[in-house]
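User: I would like a close look at a single part of this model. Please keep to what can be computed from the atoms.

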Amino acid sequence: MRQPLRLRLVLRDLAAGAAFGAMAVSGQLPVWALAVFLLTLVLALCNVRLVARHARLSALLLLVTAVLLGLQLTSGAMNAVVVACSFAGLIAAQRMLSTPDGAADGQTHLTGLLMVAGGAALSGDMTYALCLIAFGVLASLSLALGVVEAAVPDGEPVPVRAVLRPLSGGVAFAVAGAVAFFVLFPRLNWAMVGPRSAPGLGAASSAGFSDTVRLGGAGTIKSNPRVVLRATLTPDPGRDALDAYWVGRTYDTFDGQEWTNVAGAQRTERQITLHPATDTLLHQRVELLPAYGGRTLISLETPSRLGNAVAHTPTGTRSSTVQLHGGSEVRFTLTATSYTYEAYSLPPDAKAGTHLNLLQAESDQLLALPEHLDPRVAQLAARVLAGEKEPLAAARKLTAWLQRDYAYTLELAGNSEDPLADFLFVRKAGHCEHFATALTVLLRSQGFSARLATGFFGGARLDGGYIVRAGDAHAWTHVLVPGRGFVTVDATPPSHRTSQASALLEQVLALYEAVEARWRNSVVDYSFRDQFELASALVRPPRRPAQASNTLSSRLPPARAWLTALGVAFIVWRVSRFLARRPRRAPRMEATRLLDRVDAQLARFRVPRFEDESLEELTTRFAREGHPLALALVPLTRRYLEARFGGRALREGEAEHLLNTLRRALEAEAARRAPKAAEQAGPTARAS
Amino acid sequence: MERLAAQLGRAVQGKPSEVQRVVTCVVAGGHLLLEDMPGVGKTTLAEALARACALSFSRIQFTADLLPADILGAQVFHAATATFSFRPGPLFRQLVLADELNRAPPRTQSALLEGMAQGQVSLDGETHPLPSPFTVVATQNPVDFSGTYPLPDSQLDRFLVRLSLGHPAPDVEARLLTTRGAASPLASVEAVTGPEELASLRAFAAEVKLDTAVAEYVVRLARATREHGDLERGASTRAVLALGSAARAQALWEGRDFVTPGDVRAMLVPCWAHRVLLRSAVQGVSARDEAAHLVEELSRKVAAPR
């Protein structure tokens with residue numbers, strides 16, 4: 001059997017990799033599956049077919065894995081779709097590493113299709129779509145090359161270059177056709193199946209807004225610059241950096257490890273009022289983006305009214321009710337990929353009044369301390385406060401002290417019995433949750449009512465609105481000041497409150513966010529209604545005034561991003577032109593390989609030869625001169641020329657035979673020349 | 001072909017490679033331009049060719065006052081029947097030796113060249129087909145230019161191969177001197193083939209396989225001449241085709257049914273040296289040598305397919 005075309009196998013394996021990637025971008029596959037497949041892909045690309053010799057053993061292993069996965073499924077530890085996807089990945093891995101024959105190729109492509117379908121059930125992300133297209137292109141090329149390879153008779157080279165060009169054109173045409181189909185064909189939505197993650201790279205935000213606040217844990221908090229929130233404020237503050245507190249929820253109960261709330265879910269309404277309104281309210285129109293991943297409404301401190309909520313799901317856009325939870329948290333009742341809502345907040349300098357909107361149980365918790373609080377905490381607080389009785393002044397004093405004596409770090413301390421004592425007395429370094437918790441507990445230990453608030457801090461200007469990033473997640477303290485209500489005090493050093501990611505990365509991600517927003521609006525959420533609107537827009541001139549289109553275009557990346565893209569496209573075009581102009585390497589044919597070896601042999605035996613004298617010319621010259629090598633060279637040259645230009649391919653082993661004959665002739669010639677050379681060298685040696 | 005070459009070799013002694021080129025040119029179905037000093041055997045070669053192939057032969061000595069009618073023929077009035085009838089001129093032969101072509105005025109030259117290109121002659125609104133095979137062997141004196149009309153480049157292009165015989169080697173010349181007296185060398189040339197066989201040989205040559213790699217090589221060579229800095233004009237498409245058919249005939253000569261890069265290189269200079277136009281103002285022999293040298297140099301620069 002002939003050796004399969006290497007390029008085809010590489011394309012096949014890359015296609016399988018793209019299909020696996022389509023599942024992997026959902027971030028739901030187990031880590032071991034990722035590791036196994038990545039290792040497989042690397043091995044397969046290096047042409048190491050591990051399983052080829054142990055097909056049965058690997059099949060057995062696969063069976064065992066299937067049983068294990070089944071157990072996981074029945075025990076409820078894993079989701080059915082995730083199990084199916086992981087198993088499909090394993091089958092693909094096994095097929096990729098086995099002997100590359102026709103059956104294995106077909107099965108690899110089939111599992112690739114399965115994996116793509118699995119990826120569709122897991123996420124409808126833009127990166128998924130890219131992987132899907134990559135799979136389609138690579139698998140098509142590989143399959144087509146397979147067909148060409150089968151059609152070419154044995155021993156002939158496969159005309160890869162000649163085939164790839166029309167093939168690429170065909171694939172590009174097919175992709176364009178698929179896009180047209182997508183736009184024009186009535187939409188059927190089957191995205192309701194399976195657990196959809198919030199789209200985006202890595203569903204669980206590493207540094208973001210979480211449901212509970214738990215101190216401790218190990219590792220480093222990754223600064224995540226993905227945009228989670230976009231808001232338009234009226235009246236517009238007009239500043240570049242808002243530096244405002246966006247509150248999500250507050251916590252009143254600390255058990256030494258974790259902050260929770262005593263109160264649970266309360267009323268569900270279209271609109272929830274947290275605070276009686278004053279005459280000047282700050283209106284926010286907020287969009288929670290998929291990277292946010294939660295259901296809690298975020299608004300500027302101090303929220304007054306939240307409502308008019310709309311949930312965007314893959315199946316469409318619906319208005320949602322909101323539910324009040326303990327800790328003044330307002331949640332969406334629907335689960336969706338993104339949300340929009342409106343919020344009204346009291347201006348930062350407004351007197352909040354005495355209305356607290358708290359349940360009795362919550363008010364009771366404002367002075368509660370964990371059961372096993374280190375006695376040193378209260379002593380420390382007393383020492384720092386030195387008899388200060390005014391709550392706000394006490395909080396400021398403690399804040400100044402914390403900011404002076406404690407360092408900010410994103411390194412987590414690891415699990416400990418008492419993370420607070422660990423922060424206060426041992427490490428003397430921590431992140432915002434440590435600072436906020438310390439301030440709250442220190443205040444409570446001295447009889448001041450306080451609670452922990454979490455949300456985001458910051459807000460960067462973008463296209464007339466403000467954006468907040470996942471890395472802007474923050475925790476701070478609310479101190480209850482009699483007559484003023486809760487006042488925000490932030491113990492975290494000011495320079496560490498906002499996202500720590502680099503500016504460049506933020507810019508790149510902002511671009512990505514903008515593109516992804518486009519993708520969501522015009523692809524994932526593209527519905528039958530959109531199709532209808534597109535059709536009617538084509539028939540009739542758009543009725544919308546220019547203003548409406550302005551708000552739409554504000555989501556587009558700025559002009560310099562387009563310029564950069566244009567520049568990149570230009571460079572790609574230039575490079576491709578340059579590559580196309582480079583002299584094409586002629587296909588290496590069998591006859592050419594024979595010629596290379598003949599040249600190498602002639603050079604090894606130092607056969608005298610003019611510069612760039614071809615074998616044909618050399619043979620003609622030798623034959624004319626009656627050179628002894630001509631006898632061996634003439635038939636060889638003739639066969640080479642026939643095979644290369646005459647269309648009469650070399651037979652199996654013929655090249656070897658011809659080369660052996662030539663080598664014997666060369667050796668005989670060398671032996672004949674050697675004594676002559678010795679004779680010539682002899683006298684001079686004696687003379688000297 | 002070998003028999004043919006052997007017969008020609010009898011007539012023109014000591015020039016095996018030139019004789020071979022002549023045979024190749026005839027087999028390829030092309031016209032031949034011999035450019036040489038007087039008295040080195042050009043005419044002998046042409047006559048020997050006609051004899052060996054058993055072709056009808058005519059020799060036209062081109063002079064400054066030669067008119068188209070002199071070579072094409074004319075309508076002649078027959079008094080007896082009171083009609084005009086066409087009397088074919090000396091061009092209506094299978095092999096025509098156009099001696100000193102550049103001495104005739106352009107009108108006459110172009111009449112000949114039209115016949116060479118079309119295989120027919122138009123006269124007074126009537127077309128008269130030329131015999132088949134039809135081959136022209138033209139000669140030119142490259143040294144003596146006085147009173148000549150140099151052939152335009154477009155017409156030089158119509159000759160498949162340009163050759164110069166050069167002086168024979170001293171020993172051959174000495175042998176000529178000793179044996180020539182006995183009999184004309186032409187007398188010893190025997191007809192070894194006929195027009196039919198020549199036609200089938202040409203058909204064979206046309207069948208010779210030309211691999212795409214070799215074709216690309218020829219095209220690369222042509223592009224190299226077109227992009228060369230010292231050349232005013234490179235090889236035309238007709239030149240590319242001519243080289244192809246010459247290389248095919250060369251392959252047939254070598255006993256192969258496919259063309260190799262070696263065949264192309266062998267026919268490159270005779271086929272192309274007269275088709276390229278130098279940028280410099282040199283004329284005559286030195287221009288010819290210069291062009292041959294440039295083309296030769298290009299053939300070394302352009303990598304042959306492996």
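Which strand do four bridges join to β8(B), and do the two run parallel or antiparallel?

Analyst: Strand β1 (residues 31-35) of chain B is joined to β8(B) by four bridges, and the two run parallel. This is a predicted model, in which local features need pLDDT of at least 70, side-chain atom pairs count only at pLDDT 80 or more, and totals for chains, interfaces and linings use all residues. Residues are numbered from 1 along each chain as its sequence is written, with chains lettered from A and ligands numbered from 1 in the order in which they are written.

Strands are DSSP runs of E with at least two residues, and helices are runs of H or I with at least four, numbered from the N terminus. Two strands pair if DSSP finds at least two bridges between them.

A residue is buried if 20 or more other C-beta atoms lie within 10 Å of its own, exposed if 12 or fewer, and partly exposed in between, with C-beta atoms placed from the backbone. Strand β8 covers residues 135-140 of chain B, and six of its six residues are buried. One side of β8(B) holds Thr135(B), Val137(B) and Thr139(B), the other Val136(B), Ala138(B) and Gln140(B), and both faces are covered.

Next, the nonpolar core. A nonpolar core is a set of buried Ala, Val, Leu, Ile, Met, Phe, Trp, Tyr and Cys residues joined through C-beta atoms within 7 Å. The largest has 104 residues, and those touching the most other members are Leu8(B), Val22(B), Leu32(B), Leu49(B), Leu243(B), Ala246(B) and Trp272(B). Helix α10(B) gives the most to this core, with nine residues. Two residues are in contact if their C-beta atoms, placed from the backbone, lie within 7 Å. Beyond its neighbours within four places in sequence, Leu243(B) is in contact with residues including Val218(B), Val264(B) and Trp272(B).

Helix α10 (237-253) of chain B is also one of the elements against which the buried residues of α8(B) pack, together with α2 (16-27) and α3 (42-53). Those buried residues are Leu198(B), Leu201(B), Arg202(B) and Ala205(B). Seen down the axis of α8(B), they fall within an arc of 100° (taken over the directions from the helix axis to the C-beta atoms), so they line one face of the helix. The face turned away carries the exposed residues Glu196(B), Ser200(B), Ala203(B) and Glu207(B).
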